[in-house]
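Colleague: I have the model open and want to know what stands behind the labels. Can we go through them one at a time?

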Amino acid sequence: MTRIPVIENPQYFRQGHNCHKPDTYVQYIKRRDIILKRELGEGAFGKVFLAECYNLSPTKDKMLVAVKALKDPTLAARKDFQREAELLTNLQHDHIVKFYGVCGDGDPLIMVFEYMKHGDLNKFLRAHGPDALILVDGQPRQVKGELGLSQMLHIASQIASGMVYLASQHFVHRDLATRNCLVGVNLLVKIGDFGMSRDVYSTDYYREVTRPKGYYSRTWQQQRITTMAATTVGGHTMLPIRWMPPESIMYRKFTTESDVWSFGVILWEIFTYGKQPWFQLSNTEVIECITQGRVLERPRVCPKEMYDIMLGCWQREPQQRLNIKEIYKLLHALGKATPIYLDILG
């Protein structure tokens, strides 16, 4: 494999940190070493496939991987592709999806990631909830293996561990949600984003458009909140508003603290077995609720101690939110506690 030196790019969302590492290289993988097997998903950028990759590991002849194939061959898309590859190469952690390299000889351009057997965490949660059903001989049957409290805490702790690492790298994810986490064997969970979730989970994103004057039949203040979100971020931008704090919705301000807010929503997703946050509300109503200070209610099976962590993530002022290191320590401590001591009913 050929190695391409990494070039620092200012468009990466890092906070005042030089991500250039002269000894870090993007791995270049030969196209003949990649054998596509089946499609895993599709998004605006292109498609994700399960594939076999040869000569990737010194200890294995071949291994299963997930490959992201770029659909748009424009120069701008190629530059974005290269920037993403450079960034992903520098992110290496047990709870960040491993990036192996790129294939750039010919089209389509391909990124190669580790394959996580059980797919995205949102689908995994829904498949292991109390209401999950499968068809057996054409008849619906209850799924065995509903996630318990200790398993939920284990999932949450792993994501928090990955976030501690991202924060240490001064990296802001901006789209943390269970749909962007992946599940492997033995309940191994990693943060990732193949970019396809924006299509697969289209209802999780708010497509902003500029409305004509007087479009909203609400108060002037409510109109202003919606317009601020649209004009600040720009028309036709897909925003995960149900996971965003007020400052991100209104001022397009994304920081480690805004990622902490999103993590609080991830905790809520985990303890509702993958429900959509604010599922009973429209996108416009969600914007109004969040900017006016409302927060998600405590899930039915959620211990009070866990909901307290969520509330700590959802403080309106970013500086008052829990630090991700503190969150990880709290989750780790809860994971060691005997379940009987966790207040589920209180």
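What follows is a short exchange on one helix and some salt bridges.

Modeller: Keep in mind that this is a predicted model.

Colleague: How do you know that the span of helix α10 agrees with its number of residues?

Modeller: Helix α10 holds 13 residues, 324-336. At 1.5 Å a residue, they should span 18 Å. The end C-alpha atoms are 19 Å apart, which agrees.

Colleague: Which residues of α10 are buried?

Modeller: They are I324, I327, L331 and L334.

Colleague: What makes them line one face of the helix?

Modeller: Look down the axis of α10: the buried residues fall within an arc of 80°, so they line one face. An α-helix has 3.6 residues a turn, so residues three or four places apart point the same way.

Colleague: What do those buried residues pack against?

Modeller: Their partners are α3 (149-168), α7 (256-271) and α9 (304-313). The face turned away from the buried side carries K325, K329 and K336, which are exposed.

Colleague: What happens at the start of α10?

Modeller: N323 has a side-chain oxygen within 2.7 Å of the backbone nitrogen of K325.

Colleague: Now the charges. Why is the pair E84 and K68 called a salt bridge?

Modeller: The rule asks for a side-chain nitrogen of Lys or Arg within 4 Å of a carboxyl oxygen of Asp or Glu. For E84 and K68 the N to O distance is 3.0 Å, so the pair qualifies. E84 sits in helix α1 (residues 75-90) and K68 in strand β5 (residues 60-70), so the bridge ties together parts 16 residues apart in sequence.

Colleague: Why is K68 called buried, and E84 partly exposed?

Modeller: Buried means under 20% relative accessible area, and exposed means over 50%. K68 has 8%, so it counts as buried. E84 has 24%, so it counts as partly exposed.

Colleague: How far apart along helix α1 are R83 and D80?

Modeller: They are three residues apart, about one helical turn. Their closest N and O atoms are 2.0 Å apart, and they form a salt bridge. R83 is buried at 14%, whereas D80 is partly exposed at 42%.

Colleague: What about K304 and D308 in helix α9?

Modeller: This pair is four residues apart, again about one helical turn. The salt bridge has its closest N and O atoms 3.1 Å apart. K304 is partly exposed at 38%, and D308 is partly exposed at 38%.

Colleague: How many salt bridges does the rule give?

Modeller: The count comes to 10. K37, E52 and K62 are linked in a network of them.

Notes
Residues numbered from 1 in each chain as written. Predicted model: local features only at pLDDT ≥ 70, side-chain atom pairs only at ≥ 80, totals over all residues. Heavy atoms only, no water. Helix = DSSP H or I, 4+ residues; strand = E, 2+ residues; numbered from the N terminus. Expected span 1.5 Å × (residues − 1). Buried < 20%, exposed > 50% of the residue type's maximum accessible area, 1.4 Å probe, protein only. Arc of directions from axis to C-beta. Contact = heavy atoms within 4.5 Å. Polar contact = N/O pair within 3.5 Å; in protein donor to acceptor, adjacent residues only side chain to side chain.
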